Amino acid sequence: MYLNKKRLSVVLVLFFVMALSITYCLVKINLETEYFYGSKAEEALKTAPSYIIDAIFYPEKEMVHAVQTVVFRNRTRCELSEIIFHVYPEAFKSLKTAPFPMEELKYAYPEGFSEGYINISSVTCKEEKLDFKKEGTLLKVNIPEQLKPGEEIEIKIEFQEKVPFSPGRFGHGKNTYNFGNWYPVLCVYDENGWNLDPYYSIGDPFYSDIANFKVSITAPNSFTIAATGRPAKKITEGNTTTWVFEAKLVRDFAWVAGTDLRAISGKVGRTKINVFYFGDNEDAAKKALEYGKQALRFFNRYFGPYPYDEYSIVMSDFYIGGMEYPNLVLIDHNLLDDEVLLEYVIVHETAHQWWYGLVGNNQVKEPWLDEAITEYSTVLYFEGVYGRAKGREVYQDFILYPYRFFELGNSPGPILRPVSQFRSWGEYDAIVYKKGAIMLKELESRIGKSKMRKALRIYLRKNVFGNATTDDFANAVNCVMGTDFKEVIYEMLKKPGSIGKEKAA
């Protein structure tokens, strides 16, 4: 709008001010992002649920007390009589339900079993108590009146949770407290109804919708907190500090707390990238920062812009290696001693900011969609940043040869299957990550690398801020090829044996 005229009416000025206030939440999405994703962000903001969480962290008791207010809009065609949440911390209540394979319990509980749980003290709507019940890792809330399509309801949940001594997604070690999947998370209601899967011990068994968050965390002054979103405010009163984070259009909210956490930062475009670390590891942390910057820069260019202000890589007590959350990833601090593996894991988790973060999927039903595409994207990074020879070396060492070794003693099943059908983490890793990436390399060899890139960019643009399916991936390939590749793709995904000739990249 050209605004150098002197005689703008008062009405026009007021209209302009109102327009600015209405679109304030979109200011953070810059012109490049707007151009690439079109109206997807604006559409998502209109219907996305919102969470406001006020949490108090008591590290001496290993406890968190919180009040969570959720605004949920019924986007279905059905009238709803209940709203259902995942309460994942309840899985940590006993060894029997703990989300770890038996062979990993010694790493998950290095000092023996440590209990974790979540207690729900009240659920209300407009200050009226609602009936609720916990069933395993589900919280089912009965609502007073049928919620019709398009209607909203605001639900307030008060809860307390115990954080186990366990260096995993939800738990702590001696240096960091990790809060992944820690609050009541709205279950996804899709064409199959409410998705009520348990917290499986294999894979990343999560499925969530894009949402908006405002989270305040009060902790002792000695703690530093890294979290999803933008740090909006920090208030110190007496012996405690309240950290306030805001995040729009993300599908989860995670945070990490530690007394010895330090941060170094850099910038890639509009995004501030942070590496949090502890101990005397600044030199290694600087390398981690460079890897993160390179990865963000590469994926921005190769797939499409990262539309958030912050991205944090947190070196933590985390025995599993790496784990993605929106705007934040957990990395095992021991990887600081291994440059090769450190770069690979950081790049992999950064790629998840696109494949899981921007484009979600049902990770229980179709885990290949995020893990295989992310693993394939990691190879693309090494090819793009270091050249084809390095890409070939990484593909062989991290994907092709480990998969072939797995095949020596196993009969590999199909890629496309739910997490419940895998017998071990080893099988899941070999099939979903490695065989899945091999399948995508085979697809690349059939359609060409340039068209593969175009397909992934279309897949991103059409499904950004939503949840995609295998059909959506196939449709993106069809769009580029101008012919139906769906049967070919499904044949490769459902094939029980090897994929193609398994050539190196």
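Buried, on this tour, means under 20% relative accessible area, with exposed over 50% and partly exposed in between (1.4 Å probe, protein chains only). The model is predicted, so local features need pLDDT of at least 70 and side-chain atom pairs count only at pLDDT 80 or more, while totals for chains, interfaces and linings use all residues. Residues are numbered from 1 along each chain as its sequence is written, and side-chain values use heavy atoms, leaving out hydrogens and water.

Start by selecting the whole protein chain. Of its 505 residues, 57% count as buried. The C-alpha atoms fill a box of roughly 70 × 65 × 50 Å along the principal axes.

Now switch to a cartoon view. You will find 12 helices and 25 strands, which are DSSP runs (helices: H or I, at least four residues; strands: E, at least two), numbered from the N terminus. Among contacts with a separation of 6 or more, 70% join residues 24 or more positions apart; a contact here means heavy atoms within 4.5 Å.

Next, select the cysteines. How many disulfides does a search of the whole structure find? The count is 0, taking a disulfide as a pair of cysteine sulfur atoms within 2.5 Å.

Stop at Cys 125, which is buried at 11% relative accessibility. Its closest cysteine sulfur, in Cys 187, is 18 Å away, so the two are too far apart for a bond.

Move on to Cys 187, buried too, with a relative accessible area of 2%. Here the closest cysteine sulfur belongs to Cys 78, and because the distance is 16 Å, that is also too far for a bond.
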